[in-house]
Amino acid sequence: MAEQPSQLMQKLKENKMFKMAFAVAGIMSTLLVYGVLQEKIMRVPYGPDKEYFKYSLFLVFCNRITTSAVSGGFLLASKTVLDPVAPIYKYCVVSVSNILTTTCQYEALKYVSFPVQTLAKCAKMIPVMIWGTVIMQKKYTGRDYLFAFLVTLGCSIFILFPAEGDISPYSRGRESTVWGVSLMLGYLGFDGFTSTFQDKLFKGYDMGIHNQIFYTTLCSCMISFTGLLLQGNLPMAIDFVTRHNDCFIDIIILSTVATVSQFFISYTIRNFGALAFATIMTTRQLVSILLSCVWFAHPLSAEQLIGAVIVFGTLYSKSFVKSKPGPLSSEQTENEASAPARANT
C-alpha cells in the first residue's frame, strides 16, 4: 500500500509529460507548416510560366472562413448560445484590424524574406505597450521597457544587415526593403491594436474564446470577401488557383493548419499555462527561421546571427524571469512569446 501513492505520482508525471509532448508536437508541426506554406505561396512561382500568387486578401478570406466554420461548429456542439456577447461593431473593429494585420504580413513576404519577417514580429512588444497605455491605461515596468528595447535592437540589426543574395522576387532595389519594412511596421501596429482591443473585449464582457473567434472571423469573412469584390481580385484569384492546382492545395493546407493550431494553443495554455506556451512559441520562431533558411536557401550574415542571438536570448530570459505570467488567448497563433504580460487578447 505504501507504494501506491508513488506509483500514482509516477503515472501522473508520465501522463503530464505525454500531454506536454503532444502539445509541443502539435504547435510546432502546425505552425511550422503554416510558416513554410506562407512563404511558398507568396514567394515561389507556380507553373511553367513562373507566375506569382499576388492576392493576399484571398488568403485572408480562406483562412477566416475555415476558422469561422470550425469555431461555429464547436459552439453548436457545446450547445452554447450563438448570440453575440458584445455589440457587433466591436467584433468588426477587431476584424478590420486583424485583416489589415494579416494582409500586411502576406504582402511583406513579397519584399522581405520569411526569416526577416519572423524575427521582426518579435518587435511587437513596443506597439503592444503603446496601445496598452493608450487604450487600457496600463503601466509597464522598467524591465518590460528594457526587454522591448533589446528585442527591437536585435530585430533592427537583423533587418539592416541582410546577407547578399537574399533577393525579393518582386523588386531588386533598396525600395524593396523600404516597402517591405513599411509593411512590417504596419503589421506590428495593427497587430498590437488587435490584441489590445481583444483584451478590452474580454475584460468588458463575459465572453468565451470561441464566441469571439466565431464572430470576429465571421466579420472578417464578409469584409475580406467585399474587399475582393471591390478590388476585382476575386475572379483573378479563383482563376489562378484553378490553373494551378498545387497552389489551391497549398491554400487548403494553410487554412487547415491555421485553424488546427488554434486548438493546440488553447490546449497548451489550459494544461500548462502561459509561461510554457511562451517558451514553445519562442522555440517555434527560432526553428521557423532555421527551417526557412534551409528550405528556401536564405543566407544569413554574421550581423543577422548576432541580431537573432540578441532577440531569442532576450525572449528566453523574459520567459524565465517572469514571475506572474498572464493568461493568453487562442487567437494568438503568432508571436505571443514576444508580447508583454497581459490578460486574454
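This is a predicted model: local features need pLDDT of at least 70, side-chain atom pairs count only at pLDDT 80 or more; totals for chains, interfaces and linings use all residues.
**Exercise 1. Describe the overall make-up of the protein, and say how far the predictor trusts it.**

Step 1. Begin with the secondary structure: there are 11 helices and 0 strands. Read from the N terminus, the order of elements is α-α-α-α-α-α-α-α-α-α-α.

Step 2. Turn to burial and surface. Of the 345 residues in the protein, 52% are buried. The accessible surface is about 16,000 Å², and carbon and sulfur atoms hold 68% of that area.

Step 3. Look at how the chain meets itself. Taking contacts with a separation of 6 or more, 85% join residues 24 or more positions apart.

Step 4. Finish with confidence. The protein has a mean pLDDT of 75, with 73% of its residues at 70 or more. Among the elements, the highest mean, 93, belongs to helix H9 (residues 234–243), and the lowest, 70, to helix H4 (residues 114–121). Below 50 lies the stretch of residues 170–175, which has 8 contacts in the model beyond near neighbours in sequence. Residues 323–345 also stay under 50, and the model gives them 94 contacts beyond four places in sequence.

**Exercise 2. Work out how helices H3 and H8 cross, and which residues meet there.**

Step 1. Find helix H3 (residues 88–108) and helix H8 (residues 209–231); their axes come within 8 Å and cross at roughly 65 degrees. The hand of this crossing is right-handed.

Step 2. List the partners. The H3 side includes Ile88, Tyr91, Val94, Ser95 and Ile99. Facing them from H8 are residues including Asn211, Tyr215, Thr216, Cys219 and Ile223.

Step 3. Sort the contact by class: 9 residues are nonpolar, 6 are polar and none are charged.

Step 4. Zoom in on Ser95, which belongs to helix H3. Leaving aside residues up to four places away in sequence, Ser95 touches Tyr215, Thr216, Cys219, Ser220 and Ile223. With a relative accessible area of 0%, Ser95 is buried.

**Exercise 3. Which residues does Thr102 touch beyond four places in sequence?**

Step 1. Thr102 is also to be found in helix H3.

Step 2. Once residues up to four places away are set aside, Thr102 touches Val60 and Arg64.

Step 3. The relative accessible area of Thr102 is 6%. Buried means under 20%, so Thr102 is buried.

**Exercise 4. Classify Ser317 by its accessibility, and find its C-alpha distance to Phe147.**

Step 1. Go to helix H11 (residues 302–321), where you will find Ser317.

Step 2. Its relative accessibility is 35%. That value lies between the cut-offs of 20% and 50%, so Ser317 is partly exposed.

Step 3. Along the sequence, Ser317 and Phe147 are 170 residues apart, and in space their C-alpha atoms are 8.9 Å apart.

Technical notes: Residues are numbered from 1 along each chain as its sequence is written. Side-chain values use heavy atoms; hydrogens and water are left out. pLDDT is the predictor's confidence in each residue, from 0 to 100. Helices (H or I, at least four residues) and strands (E, at least two) are DSSP runs, numbered from the N terminus. Contact means heavy atoms within 4.5 Å. Axes are lines fitted to C-alpha atoms, for helices over the stretch in contact, and angles run from 0 to 180 degrees between N-to-C directions. A crossing is left-handed if the near helix is turned anticlockwise from the far one by less than a right angle, and right-handed if clockwise. Ala, Val, Leu, Ile, Met, Phe, Trp, Tyr, Cys and Pro count as nonpolar, Asp, Glu, Lys and Arg as charged, and the others, Gly among them, as polar. Buried means under 20% relative accessible area, exposed over 50%, partly exposed in between (1.4 Å probe, protein chains only). Accessible areas come from the Shrake-Rupley method with a 1.4 Å probe; for residues, only the protein chains shown count as cover.
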